[in-house]
Amino acid sequence: MNKSQTGEYGFAIVAVGVCTAVSFAIFRHFELTNLVMVYLLGTLVVATRGHRGPAALSSALSVLCFDFFFVPPRFTFSVSDAQYIWTFAVMFAVAMIISHLTIRLREEAEAARQGEQRSAWLMEKAKKAEIEAEGERMRSSLLSSVSHDFRTPLTVIVGSVSALLEKEEFSRSPKVRELLENIQTEGERLSHLVQNLLEATRLESGAVHLRKEAYPFEEVLGSALERLEKSIHDREIKIDVPETLPLVPMDPALIEQVFMNLLENAIRHTPEQTTLEISAAVEGNSVTAAVEDRGPGLKTDELERVFDKFYHDPSSPGAGLGLAICRAVVNAHGGRIWAENRKGGGAIFRFTLPL
C-alpha cells in the first residue's frame, strides 16, 4: 500500500471519528435514527475523494461506532433489541450504495473531462493539419503557376540555341560555339527541372490519371536513354533486359520519366569513368527494374529520405524532386521503389511494376 492509499484510509478513519464526535454532541436531543444521517454524511464525504476501499471502510466503521457508542446497551457491541440488527444492515447497505454512486459519478465526470480534453486536442490537431494542407496547396499552386510561366520561354531559348548551333558562321568560332552549347545544356537542365516541378504538383494534386497499356519495357528504357544522350556522353552503360520479358501494364510516358530521373541521379552522383548498369526481370507477379552505379553510395539514414520531396545532398546541383516523382509514379502504378547500397561500393535503385 503506497502513501496515497494509506492517507485515504486514514482520512476515512478520521471522518468516522468526527461523525462520532458530532453524534456525541447532539445525541441527547435527537432520535438515534437521526444520528445515522451524520454517519452517512461522513461516508459521502469520504466517497467524494473517489476511492472505493476507504469508502467501504468508512461504511463499516460507521455501523460499528453507531452500535458501540449509541445503541443501548452503550459501549458494547451487544444490542437490547433485535430490530437494531436490521437498522445496522440497512445503514451499511445505504452507506455502500451512497459511496458507490458518488464514486461512479466522480469517475464519469473525470471521463467526461478527459473526453473534452481529447476532443479539444483532436480539434486543434485537425485545425493545424488543415492549415498545413492549405499552405501546401498554395505552395503547389504557386509552383505550378511559376513552372508554366517558365516552360514556354525555356522551350524558345533551347530551340533558338539549337538553331544557332546549326548555322555555319557560329560553328567556326570555338568560343562562340562553347558558349552556345553551355546555354543549351543549362537551358535543357532548367527545362527538365521545371518539368519535374510540374509533375510533382500534378501528382500531389491528383491531376495525373494513368493511361495504362501493355507496353514493351525495353522501348520505354530506350526512349529514356535517347533523351539523355547528351548527359550520358561516352559513359558505359550495361543493359540486361531479357527478350522474353512480357509486356508490362504501365503509363509509358511516366515510367520513361522514372528511368530518366533515376539515370540522371546516377550520372550526377558518380564519376564519368564509372559504368551504369540497368536490368529488369520478372519476379513473381511483378517486373523488377534496377539502376546500379559505382558512386559513393548512400548513408543508412538516407535510404528512405532520398525519396522525400526537396531532400538532396547540399553539394548536389539537384532540387530533390526527381526521386520523389519516381516514388509517386511507381506508387500510382501499384508498385514500390527503394534504394540499397551495392556490394563493393555504389547504390542500387529498384522499383517494381505489377503484371
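Helices (H or I, at least four residues) and strands (E, at least two) are DSSP runs, numbered from the N terminus. The model is predicted: local features need pLDDT of at least 70, side-chain atom pairs count only at pLDDT 80 or more, and totals for chains, interfaces and linings use all residues. Residues are numbered from 1 along each chain as its sequence is written, and side-chain values use heavy atoms, with hydrogens and water left out.

**Exercise 1.** Compare the span of helix 3 with the expected one.

Solution. 
- Helix 3 covers residues 52-70, which is 19 residues.
- The expected span of a helix is 1.5 Å times one less than its number of residues.
- From first to last C-alpha, helix 3 reaches 27 Å, close to the 27 Å expected.

**Exercise 2.** Describe how helix 2 and helix 3 pack.

Solution. 
- Two packed helices are described by the angle between their axes and the distance between the axes.
- Axes are lines fitted to C-alpha atoms, for helices over the stretch in contact, and angles run from 0 to 180 degrees between N-to-C directions.
- For helix 2 (residues 32-47) and helix 3 the angle is about 160° and the axes are 9 Å apart.
- The two helices are therefore roughly antiparallel (over 145 degrees).
- The contact (heavy atoms within 4.5 Å) includes Leu-35, Tyr-39 and Val-46 of helix 2 and Ala-55, Ser-62 and Phe-66 of helix 3.
- Its residues divide into 11 nonpolar (Ala, Val, Leu, Ile, Met, Phe, Trp, Tyr, Cys and Pro), five polar (the others, Gly among them) and no charged (Asp, Glu, Lys and Arg).

**Exercise 3.** Decide whether Ser-23 and Glu-304 are buried or exposed.

Solution. 
- Buried means under 20% relative accessible area, exposed over 50%, partly exposed in between (1.4 Å probe, protein chains only).
- Ser-23, in helix 1 (residues 3-26), has a value of 0% and is therefore buried.
- Leaving aside neighbours within four places in sequence, Ser-23 is in contact with Leu-35, Val-38, Tyr-39 and Phe-70.
- Glu-304, in helix 10 (residues 302-305), has a value of 52% and is therefore exposed.
- The C-alpha atoms of Glu-304 and Ala-339 are separated by 7.3 Å, although the residues are 35 apart along the chain.

Terms used: Angles under 35 degrees count as roughly parallel, over 145 as roughly antiparallel, 65 to 115 as roughly perpendicular and the rest as oblique.
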